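I opened this entry to keep track of what I looked up in the model. The notes follow the order in which I looked.

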Amino acid sequence: AYNGRSTARRRFPIRRHRRRRRHSTGQKRSSGRPRRRLSLLQTPPGPSSSPAIAQLLPDDRLHSIRFRRRRRSRLLASLRSSRRSSCYERVGASTPLLNRFDPFVQETVLNIVVAGLGWLLFAFVRRRFLRLLLSYHGWIFERKPSMLTKIWGLLVMILRGPFKPDLYSFQRSLPHLPLPALKDTCRRYLQTVRPLLKDEDYEEMQNLVCSFQNGVGRKLQRYLYLKYLRSSNYVTDWWEQFVYLRSRSSLMINSNYYAVDAMFLHSTELQAPRAGSVINALMKYKRKLETGRMDPLILRNIVPLCSSQYERTFGTMRIPGIEQDSIRHVDPAESKHVVVFHDGRWYTVPCYFRGRLLEPVELESQIQRILDDADSEEAVKPGELKLPALTTLARNEWGRLYEQHFKTGKNREAMDILEKAAFIVCLDNDEVFHSPNDQSKIDYMARSLLHGSGCNRWFDKSFCLIVYKNGKVGLTCEHSW
């Protein structure tokens with residue numbers, strides 16, 4: 001206590017008020033040597049305090065301390081008297097943790113929380129409204145954009161913002177695949193089968209569709225609606241499972257597809273330099289996919305397309321099974337190497353050294369060493385020469401062999417390296433050519449890329465890069481990923 005009053009709320013001594021009254025009565029400050037006064041930070045000894053040595057401060061420092069405290073008291077008084085401070089006080093009173101801090105700190109924290117919640121609300125509303133706008137499909141059927149389509153496009157571009165989008169910027173804003181009504185599904189099914197059935201068979205099919213629509217079809221439609229609510233595309237997993245993974249036929253020719261090189265561009269006719277430059281370019285492309293630093297596909301510079309198909313381009317392999325296959329996609333940090341197949345020999349080529357992507361000339365030297373190794377006297381190990389032929393078998397047969405021979409031991413370690421590779425490089429000893437006047441040369445290259453010799457392509461990998469002896473390249477790709 002100081003002069004019989006509590007100092008909990010009033011921290012300024014009464015000397016300040018005496019000083020004001022002295023100046024108001026016209027008294028002048030005494031000149032001469034400046035006196036040393038008590039610090040405002042220490043309470044003078046009173047009747048209830050023990051005697052102590054008071055800390056003395058000069059007048060100029062005492063004046064600065066008084067000025068700072070006076071300014072702070074005015075700021076706190078203005079905050080308490082404002083209308084919005086009452087709201088913060090009520091929130092602070094209901095939050096015991098905030099009561100431990102200064103009112104200015106409380107208001108700062110609450111301002112940050114309110115601003116963060118407001119931003120989240122704005123992002124949620126923007127995403128929902130953009131999804132609603134992208135559900136409009138009238139622009140697809142118009143040769144000349146109508147006024148409604150122009151207004152719609154303007155709103156979409158405004159909500160997209162002026163910033164350059166990344167590859168996955170619009171994934172959460174894309175609309176879900178719409179679920180058609182049961183009546184529309186039955187009508188479209190009848191339209192599909194009408195050219196395939198005779199009149200008598202079509203009438204019987206109409207009766208079956210009618211009984212399905214009025215019976216078990218309603219129950220199945222309700223189940224399908226529940227799946228529609230919790231997934232962005234209610235068809236994707238079923239399509240992948242029943243159309244691809246449960247197919248028991250061979251992948252070669254039946255499922256895989258190929259891509260050819262540029263026909264009239266001839267960068268080099270040397271195999272090793274072309275392989276090194278293409279591997280380096282593909283690994284740079286892989287890094288862009290991982291970071292999302294790519295432009296998404298946008299139709300008419302307005303409508304973005306889904307980019308989820310890019311996620312499993314690298315480091316993906318189809319694992320055979322007896323009844324159903326599965327897809328294994330490894331973490332991008334684990335797929336920093338490629339596997340090279342040449343003359344029945346398998347090689348692992350790392351593409352990074354101490355976190356740095358190898359340059360094309362460095363990869364070229366590795367590929368050249370692999371090509372030179374084919375001339376060595378070391379014979380190919382039994383079973384490795386035609387090992388890729390296993391991927392051409394029927395899936396159930398290949399699945400049984402996989403369970404027997406590639407689940408344990410050294411074969412499991414070798415298969416794990418193969419599955420974690422970014423992609424597979426096949427170095428062929430053949431030469432292919434493009435000729436606009438000779439169709440047979442292009443047909444030969446297409447057959448070579450599609451199936452090769454049957455034992456020089458690993459068809460389970462997401463894609464294999466084929467590099468020919470004269471520098472031409474191509475791809476053979478697995479279809480399910």
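**Salt bridges**

I searched the whole structure, a predicted model, and the count came to 19 salt bridges.

I began with Arg318. The side chain of Arg318 forms a salt bridge with that of Asp325, at 2.8 Å from N to O. Arg318 also pairs with Glu478, here at 2.9 Å from N to O. Which parts of the chain does the pair of Arg318 and Glu478 tie together? I found Arg318 in strand S6 (residues 316-319) and Glu478 in the segment after strand S14 (473-477), so the bridge links parts 160 residues apart in sequence.

Next I followed the shared partners. Salt bridges join Arg248, Arg318, Asp325, Arg395, Asp460 and Glu478 into one network.

I also noted a bridge between Glu419 and Arg412, at 3.0 Å from N to O. Glu419 is buried, at 2% relative accessibility.

**His329**

I looked up His329 and found it in strand S7 (residues 326-329). Its relative accessibility is 36%, which means that I list His329 as partly exposed.

What does His329 touch, once its neighbours within four places in sequence are left aside? I listed Glu311, Arg312, Phe314, Gly315 and Thr316 as its contacts. Two of these entries have polar detail. The side chain of His329 makes a polar contact with the side chain of Thr316 at 2.8 Å. A polar atom of the His329 side chain also lies 3.3 Å from the backbone oxygen of Glu311. For Gly315, I noted the C-alpha separation from His329, which is 5.8 Å, although the two are 14 residues apart along the chain.

**Nonpolar cores**

I turned to the interior. In soluble globular proteins, nonpolar side chains tend to be buried together.

The largest nonpolar core has 32 residues, and I noted the members that touch the most others: Ile279, Val340, Ile367, Phe423, Val425, Leu427 and Leu465. Which elements each supply at least two residues of this core? My list has helices H10 (271-291) and H11 (360-373), with strands S8 (337-342), S9 (345-350), S12 (424-427), S13 (463-467) and S14. H10 gives the most, with seven residues.

I took Ile279 as an example. Not counting residues up to four places away in sequence, Ile279 touches Cys351, Leu363, Ile367, Phe423, Val425 and Leu465.

A second core is separate and has 19 residues. Among them are Met317, Leu390, Ala421 and Tyr468.

**Surface patch**

Last, I checked the surface for nonpolar side chains. Phe104, Val105, Val109, Val113, Leu117, Trp119, Leu120 and Phe122 form a nonpolar patch there. Together they have about 810 Å² of accessible area.

Where does Phe104 sit? I placed Phe104 in helix H4 (residues 103-134).

Note on methods
Residues numbered from 1 in each chain as written. Predicted model: local features only at pLDDT ≥ 70, side-chain atom pairs only at ≥ 80, totals over all residues. Heavy atoms only, no water. Patch = residues over 30% accessible without salt bridge, like charges linked within 9 Å, V, L, I, M, F, W, Y side chains within 5 Å. Areas by Shrake-Rupley, 256 points an atom, 1.4 Å probe, with all protein chains shown as cover. Salt bridge = Lys/Arg side-chain N within 4 Å of Asp/Glu carboxyl O. Helix = DSSP H or I, 4+ residues; strand = E, 2+ residues; numbered from the N terminus. Buried < 20%, exposed > 50% of the residue type's maximum accessible area, 1.4 Å probe, protein only. Contact = heavy atoms within 4.5 Å. Polar contact = N/O pair within 3.5 Å; in protein donor to acceptor, adjacent residues only side chain to side chain. Core = buried A, V, L, I, M, F, W, Y, C linked by side-chain atoms within 4.5 Å.
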